[in-house]
Amino acid sequence: MACACGDSATDLPPDGPDLIVSVPDVPASVAYGRTFSMDVTVLNRGTRTAGRTQVFFLHSADQTITTADAVVGSEFTDTLAVDWELSVRIRVEPPRGELGTLYYGACVDPLPDEIDTENNCSVAAGVEIFLPPPLGAVVDRTHASLTSRIVSGGGQTSYQVYRRRSEAGDFSRVGDVSASGEETSYTDTGLEPNTVYYYKAVACNGAICSDESNEWGGLTEVVGPVDIPAAPEIRGEKVNISFGTDKARVHWDAVPWATYYRVYQDNDLDAEVSAPALSYYDNHPNTSLGAYQTTTYKVRACNKAGCSGDSETVVITIPPPGNK
């Protein structure tokens with residue numbers, strides 16, 4: 001008679017490595033067109049050291065991660081002692097044209113002597129790919145119209161444009177415009193002369209839309225002839241950026257009949273700023289990469305008749321880090 005005494009090979013506890021993969025550490029949301037980091041941890045919870053193998057990072061059509069999912073990257077592991085873990089990271093570029101929640105995970109390639117090969121894939125992690133709010137600026141004007149340039153981070157197919165006439169009024173939807181590449185032009189007509197209007201926009205792709213943009217404004221021209229504006233009074237400041245390169249900001253006083261201003265850095269045109277705005281933030285004041293140096297600015301006030309002469313020059317010193 002057979003005796004089930006617990007000493008057969010099949011009754012022995014399993015012996016070997018056992019690799020499992022953590023849920024990926026990913027951001028909850030990422031703007032369309034941006035990449036993100038994806039981190040996973042591989043743990044050996046078996047009874048013997050795990051040999052070198054490969055981790056595959058995957059993009060799945062659903063919340064179940066399998067080795068049949070699309071591979072977006074891979075990394076090799078080192079040997080892994082019992083109860084030791086290894087963190088692995090890659091940079092992920094989400095597929096173009098997809099918005100909403102995308103699912104990512106990872107699977108480790110099974111080892112020949114592994115105890116359990118059914119637990120080599122992680123649970124899925126969701127990443128929401130969203131449309132970022134657009135940026136807008138008035139770039140041209142007449143006595144009855146304002147033309148805005150609208151820029152977004154990609155993924156949009158159209159914009160909803162909103163306008164208000166006064167600084168304290170309510171915005172109302174005034175137009176829908178198809179997106180054309182990175183920059184889209186929108187001309188708002190039938191406006192009052194010598195009047196300030198403010199705008200906001202929302203980027204959309206079908207039923208998915210971004211949050212509202214920050215507002216931007218513009219001043220229409222007067223009817224009939226007008227004199228060239230006087231040169232503005234200006235001042236500048238260095239903007240300290242923690243753990244980064246310092247920036248610069250230039251301010252000026254409003255000039256009668258000026259509808260826009262031209263800002264020059266070191267004698268080169270750097271920006272056009274539409275009235276009623278009275279400042280310019282320069283996020284790249286250094287003229288060469290990695291260089292920290294003194295920068296100069298001048299401003300001209302402009303309207304349909306032309307531009308003033310140069311303002312006085314302001315000098316902003318951008319010292320090296322640590323020499324504020």
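These legends go with a set of close-up views of one predicted protein model.

The model is predicted, so local features need pLDDT of at least 70, side-chain atom pairs count only at pLDDT 80 or more, and totals for chains, interfaces and linings use all residues. Residues are numbered from 1 along each chain as its sequence is written, and side-chain values use heavy atoms, with hydrogens and water left out.

View 1. Helices (H or I, at least four residues) and strands (E, at least two) are DSSP runs, numbered from the N terminus. Of the 324 residues, 41% are buried, meaning under 20% relative accessible area with a 1.4 Å probe, protein chains only (exposed is over 50%, partly exposed in between). Take the contacts (heavy atoms within 4.5 Å) between residues at least 6 apart in sequence: 64% of them join residues at least 24 apart.

**View 2. Three strands make an open sheet in the order E9-E10-E13.** The pairing here is antiparallel; two strands pair if DSSP finds at least two bridges between them. E9 (135-141) and E13 (183-188) are the edge strands, each with a single partner, so one side of each has no neighbour in the sheet. From one strand to the next, the twist averages 25°, using axes fitted as lines to C-alpha atoms (for helices, over the stretch in contact) and angles from 0 to 180 degrees between N-to-C directions. Zoom in on E10 (residues 146-151) and you'll see six bridges to E13, with Leu146 standing opposite Asp188.

**View 3. Val255 sits in a loop between two strands.** Those strands are E18 (247-252) and E19 (260-265). Is Val255 buried or exposed? Val255 is buried, with a relative accessible area of 10%. Leaving out residues up to four places away in sequence, Val255 touches Pro229, Ala230, Pro232, Tyr261 and Ala301. Ala231 is 24 residues away along the chain, yet its C-alpha atom is 7.6 Å from that of Val255.

**View 4. The largest pocket holds about 800 Å³ of space.** A pocket is an open set of points on a 1 Å grid over the protein atoms alone, where a 1.4 Å probe fits, with protein on both sides within 12 Å along at least five of seven lines; lining residues have an atom within 4 Å of a point. Its lining has 25 residues, and Gly136, Ala137, Arg149, Glu272 and Val273 lie nearest the centre. E9 gives the most to this lining, with five residues.

Notes. Grid points are joined across faces, edges and corners, and a volume is the space filled by probe spheres set on the points.
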